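Please examine the sequence and the model displayed below. The explanation that follows them is intended for a first reading.

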Amino acid sequence: QVQLQESGPGLVKPSQTLSLTCTVSGGSITTNNYDWSWIRQPPGKGLEWMGAIAWSGNTYYSPSLKSRTSISRDTSKNQFTLQLSSVTPEDTAVYYCASWNIVIGTHDYWGQGTQVTVSS
């Protein structure tokens, strides 16, 4: 059973960079047929896919966030990281990491989510 756990600060000031880490257990982030996503949900809104890093290390980003988003990984720790720069209060959301099963086309495992608030 794959498990994901988000970690990072719960409060970020405007204009700063938000940085979150997802630690994966029960499976390797270099396993074929899996990508590893970051998804967020602002208060009162739906889920928004932000981007992903593939098992190969390739990265993919939402066009609307691409200029501010960077996803990287540390294979030795089985972790992948989200960085979102120049944050504003509109980036306040619950942030999730999730595994994307390429074969069946779904996010099949999710972290519990972490609340990030952007405020001075």
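This is a predicted model: local features need pLDDT of at least 70, side-chain atom pairs count only at pLDDT 80 or more; totals for chains, interfaces and linings use all residues.

Residues are numbered from 1 along each chain as its sequence is written, and side-chain values use heavy atoms, with hydrogens and water left out.

A nonpolar core is a set of buried Ala, Val, Leu, Ile, Met, Phe, Trp, Tyr and Cys residues joined through side-chain atoms within 4.5 Å. Buried means under 20% relative accessible area, exposed over 50%, and partly exposed in between (1.4 Å probe, protein chains only). The largest such core here has 24 residues, and Leu18, Trp36, Trp38, Phe80 and Tyr95 have the most contacts inside it. Strand β3 gives the most to this core, namely four residues. Strands are DSSP runs (E, at least two residues), numbered from the N terminus.

Arg40 belongs to strand β4 and is buried, at a relative accessible area of 5%. The side chains of Arg40 and Asp91 are joined by a polar contact of 2.8 Å; within protein, this term denotes a pair of N or O atoms within 3.5 Å, one able to donate a hydrogen and the other to accept it, and residues adjacent in sequence count only if both atoms are side-chain atoms.

Aromatic rings of Phe, Tyr and Trp (its six-membered ring) pair if their centres lie within 6.5 Å; planes under 30 degrees apart count as stacked, over 60 as edge-to-face and the rest as tilted. The count comes to four aromatic pairs. Tyr34 and Trp36 are stacked, at 5.8 Å centre to centre and 25 degrees between the planes. Trp36 is buried, with a relative accessible area of 3%.
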